[in-house]
Structures are given as C-alpha cells and as structure tokens.
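Subject: Structure handover

Hi,

Here is the structure you were going to look at.

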Amino acid sequence: MINIIREKIFESIKAQGLKPPAKSKINVEYPKLQKFGDYSSNVALSLAKKYKKKPMLLARKIAQNISMDALFKSVSAEKPGFVNFQISRMHLMKFLPKIVEQEDKFGSDMEKGKGKKILLEFVSANPTGPLNIVNARAASVGDSLANILSFLGYKVEKEFLINDAGNQVDLLIKSIEFELNILGHREIEEFEGRYLGDYVQKLAKKFLSEETILVFQVPYKERLQKLREFALNEIISNQRFTLKLFNVCFDNWISEQELRDRGCIEDALTYLAETENTYDKDGAVWFCSSKFGDEKDRVIMKTDGGITYLVPDLAYHITKYKRGYHKIIDIFGPDHHGYTPRLKAGIAALGFNPKLLSFILLQQVSLIYENEKVKMSKRRGKIITLQQLIDEVGTDVARFFFLMRKLNTPLDFDIHLAKEKSNENPVYYVQYAHARICSILQNANKKRLRLRSFRPRYLNRLRFEEELDIIRHLYKFPELILHIGKNYDLNLMTKYLTDLAALFHSYYQKVRIISPKTKELSLARLFLCKTIKITIHNGLNLLGVSAPKKM
RNA sequence: GCGCCAGUAGCUCAGUCGGAUAGAGCAACGGCCUUCUAAGCCGUAGGUCAGAGGUUCGAAUCCUCUCUGGCGUACCA
C-alpha cells in the first residue's frame, strides 16, 4: 500500500505541472493517531519550499487529485500540511479473504528476493564449551532473520563456522589432559589460560570411560590427538543438539581446520602479499588495513610464526565470496565490535566488493541472578548455558525475549524474573490469543457453524470499530515483513504480535463471536478470527516460536 | 586518551525516514467470570525524553558540547 500511495502522490504532483521527487523519496508513514487516517505523507511540508507554495495549499491540491480513488474512504489535507489517507472499508474487506487464501504464505512476498542468495553466518561459537547466553541471542536473531528473508523469497543459507583450530582449542585440550592426569593421579603442572568449567572434568571422565585403560599407555602426542577428536566431537554435537532444541538448524557447518587443510590460509596470505598490502616490521608480518579504512595496521603473522585470527577468517570470507552470494551477513557478538573494519579492509584489499558484506552487531547480554549481574567467562567456567536457559524458561520464551529488544542495545536477562513471571509473559499473551481462537473455531465446529458456508458479503455485518481496527492491523503485516527484511528490526515483530493479541483479547471481551441467532454475523466474526489466527501463527513461526492450539 | 553503543514512567523497554496530543509491559490502586479459555478485559495514577546550545514549518529522533553507564581499543579468538 505504501508504494501505491507513493505512486498516487507522484502522479498527483505531476498532474499539477510540477516536477515530482523520486518515488522513493516520498515519505509515507503510519500516523500515530487514528483520526489522521491509516497512512500519512508529509510531501507537501517537505516540498513547499522547493515549489514556493504554501504547504497547506499544496497538500490540498495533492489530496484533491487522489480523493476520488476507490481505494480510499478519504484523502484529506490536515493542519500544517499533511496528506492523510483512510483506506476504504471496501478495500479492507476485500483484503480479508486473501489472508485465508494465502494461509501459511500470508505476509510473504516471494518476488522481493527472487533469485537472490544470502549467506547468514551466526553463533559460530568456539568449540571450547557449551553455548552461552550471547550465543543464544545470536541464534535467536539469526534464525528468525533467516526465516523472514526466506519469506521474502531470498534463498538463505545459515552457516556456522566451527573454530576448531587455533589457540583456544589447544588450551581446551590441554585443560582436559590436565583433568585426565588428576583422574589418573599423575603429577601435572598448572598453566596459564586453563579452562575451569565442570564440563572439562566431565569430558575427561567420559574420555577415560570410553577409551578404557589404554589412555595413559599411548604417547602424549597421540593421546592429545585422540583427545582432540573426542572432545571436539562431543562439544560440537552437544552444541548442535542444544541448537536444535532451540529450533535452530544450520544449513552449513564449516570447519576452520578443514579450511586450513585445504590451504585456504596460505592462499589468503599469498593474495595479500601479491597485492602488496603486507610488510615486515618488528619481526612480524603486518597487513596495512589502514589503507582500507581501518584505524591502524594489523599483525597477520606473529613473531612466533603463527598467524592471527584475521587470516583464517579472511580466508573463510573469501570462500563466501567465491560461492557467489548477493549478500553476506555476519552476526557478531559484542566482543567483535572493533574487529569489523579490519575484516572489511581485508576483503577490499583482496579485491572483493566490501559492500556485499554487512554486519549485525549484537550487544552484550548480562544475566541477572538474584539481583546481581553475573559476569561470564567461558574459561573460568562461569557461564549460564543455552541449555540451562531452555531448561528454565523454555525455547519459546527465550527466543521471544531475545527479540523483544533492539539488536544493538545491551540486554539484561533476569533469569528468575523470566521464570517467575512466565504467566505474565508477552509470549504467553500472544500464544494465548492464538489458542483462544483455535478454541473458538473448534466450538463453532461443534455447533455446526462451518466456515465453509461463509460468504464474503457477510463481512458487511462487521460494524464495530474494533473489527475495522483489527483488519487495519492485519493489513500492515506484509509491510512489516518487508520493513524487517530491509532493516532487520526484529523487535518490531514482537511488538506487532503483542499489539494484535491485545486488539483481539479486547475484542473478544466485548463481543460474542458465536451467537446462534445471527448466523451471518457469527460466520463473519469467525472468519475474522481465522485471519487473526493465521497472522499470529505466521508471525510466531517466523520467530521460531510455537503457536499452540491449546493452553 | 581514542572508537562504538546507550541514557525515555518506580523497574524493563518501544517509539519505523525528523511529524500532529510521548507508548507498552511489570510493579501500585479500583472494578469485571451462571455465557466461545480470567494465561484475559476495563479504569486510575505515573514524564523537564540525562543536561545545554544549534539546525527548521516541526526534534525523544539530526549536529555540537558536557555529564553518566557498558563494551572495544592484543603479535586472543
């Protein structure tokens, strides 16, 4: 609708012999107050100066030219110079049957992203322990965004990079070896950076029990290798399992080790050197990322001959580019905020288009435990895991909760509050609306009131303002999805659903849906309920939250 | 020091591209179940949008400065 209105305004300005602005520059928005209509535009205000006309007069002219259109009940000019549009009742009523026709597809627009491939990388946690709360936020955001983009016709691939090579994993393996030695009553020295979580001990125990007695008889190096395979396998499958419980499935799991084995690292280093973007200094090799917008140059090969993380990550991103996506999105946690410029610099230096790559930067999640913020550290073993979160509040609540806030604001997650208040939770509020409708529909069925016998003309019986308000809200759903697909404002979906549920609950309280004496009215209301149900279902579904039929 | 993100009701937060009278939920207070699910509804109260300037028809939103908080600022990943 927004585009239609833009079009109409465009034509209207043209009809006045004025040169209209680009259609995309015509601002159409939802007014805050009902009395200003369903849509509103400020073109007259913003263009008044350019045309040397009074805003109000201009607004009136624009409105006049459009006002005869059957789409609108009214098009009017208001106070300072807004043009306000009210959608006609007829148009709204014609819209409802489309929702039922489209059912699961309502809200989607497969043309939007047709033929375009998007790669979405998220979570990509180190395989050094269970997934934590920040990973959970990333999982929630990434998966829901993927759903919405797919709903818009993009071909989306969800990807998880396993950082199974490098320092942190080495430390983890040594930490398990440490526990192993304790279990075997052997002497072992403490070392810097040892992982302390419970799971380290558990892994050691499990390793012992599964590998039987041979563990200490094989040479150190071989044992470490076996341990490595074992531990990575355990941890990664555990992460996968938990993600599945969280309703998140990845299309691709990429192993960093594999990338290294394939020689991608060397390739990346060679490319960088060939393009003359590296130099030696202080015994290390540097990448002059500052030439590409980074604030300073970065070391890529350390004095000890090892590479820094940028290199494998760059190598990995090269493979992304080579796979030919139209858009590459990385979702990063708060610890990577300073990292993105150098990655982009690397991409640019290698001759790829950095504009294809965009970042979603999540802010921190702090856990509130008994009114105190818990600082998490994976190595010290102080973490709240995703698994625990699922156990305590459930997947639905957790996923919805993470999406209720803007992505770039820090999130305080009070675990007790989320648990205690689960009855008052917005998730339940929305789900309850869905369940209620299911129940009503069932009830109607029992009373032999079949939607089959519904006819569109019955909708004329809907005479309450509440009913129109609901339809207006439903009308916005497809536009909302387009908006989120563009701006990634996932929190707007939770807001939308909460608002829709509120409209319904209030309506339900006021009106009896099924009344045996008025069959046509009842059917019209049932039909309306069904469209609400479909919309809530689709919305929740996109967020990875279930829409229960009973509660 | 520099960079990023934030500061809106007692608490947690919305507020879409700068729009018209600032919005929810929780907590508080007062009502509503013989009727399709009370996990619900209706009402009351609660605000110097951190502060000061600026930009303009119009600012919570944009710019500058100040204050407060978080994070980043590695030859970690």
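**Domain contact**

Between them, domain 1 and domain 2 bury about 600 Å², with 47% of that on carbon and sulfur atoms. Buried area here is the accessible area (1.4 Å probe) that two parts lose on being put together, summed over both. Of the area that domain 1 buries against domain 2, 62% is supplied by Y30, Q34 and I87, more than any other three residues. In residue terms, seven residues of domain 1 are in contact with six of domain 2, contact meaning heavy atoms within 4.5 Å. The C-alpha centres of domain 1 and domain 2 are 30 Å apart. Chain A is divided into domain 1 (2-87) and domain 2 (92-111 + 422-542); the bounds come from an automatic or database domain assignment.

Before you go further: this is a predicted model, where local features need pLDDT of at least 70 and side-chain atom pairs count only at pLDDT 80 or more, while totals for chains, interfaces and linings use all residues. Residues are numbered from 1 along each chain as its sequence is written, chains are lettered from A and ligands numbered from 1 in the order in which they are written, and side-chain values use heavy atoms, with hydrogens and water left out.

**The chain overall**

Chain A has 19 helices and 15 strands. These are DSSP runs numbered from the N terminus: helices are H or I with at least four residues, strands E with at least two. The C-alpha trace spans about 85 × 60 × 40 Å along its principal axes. Of the 551 residues of chain A, 51% count as buried, which is to say under 20% relative accessible area (1.4 Å probe, protein chains only). Among contacts between residues at least 6 apart in sequence, 73% join residues at least 24 apart.

**The parallel sheet**

Five strands make an open sheet in the order β7-β6-β5-β11-β12, with parallel pairing (two strands pair if DSSP finds at least two bridges between them). β7 (252-255) and β12 are at the edges with a single partner strand each, so one side of each has no neighbour in the sheet. Neighbouring strands are turned by 25° against each other on average, direction ignored. Helix α5 (residues 133-151) packs on this sheet and touches β5, β6 (155-162), β11 and β12; its direction makes about 160° with that of β6. Axes are lines fitted to C-alpha atoms, for helices over the stretch in contact, and angles run from 0 to 180 degrees between N-to-C directions.

β11 (residues 327-332) is worth a look: five of its six residues are buried. With β5 (residues 117-121) it pairs over four bridges, and L120 stands opposite I329. With β12 (residues 357-361), β11 pairs over five bridges; there I329 stands opposite S358, and I331 has I360 as its bridge partner.

**The antiparallel sheet**

Another open sheet has four strands in the order β1-β2-β4-β3, with antiparallel pairing. Its edges are β1 (28-29) and β3 (72-78), each with a single partner strand, so one side of each is left without a neighbour in the sheet. β2 (residues 39-41) and β4 (residues 82-87) pair over three bridges, Y39 having F85 in β4 as its bridge partner. Helix α3 (residues 55-66) lies across β3 and β4, running at about 165° to β3.

Cheers

Conventions. Buried means under 20% relative accessible area, exposed over 50%, partly exposed in between (1.4 Å probe, protein chains only).
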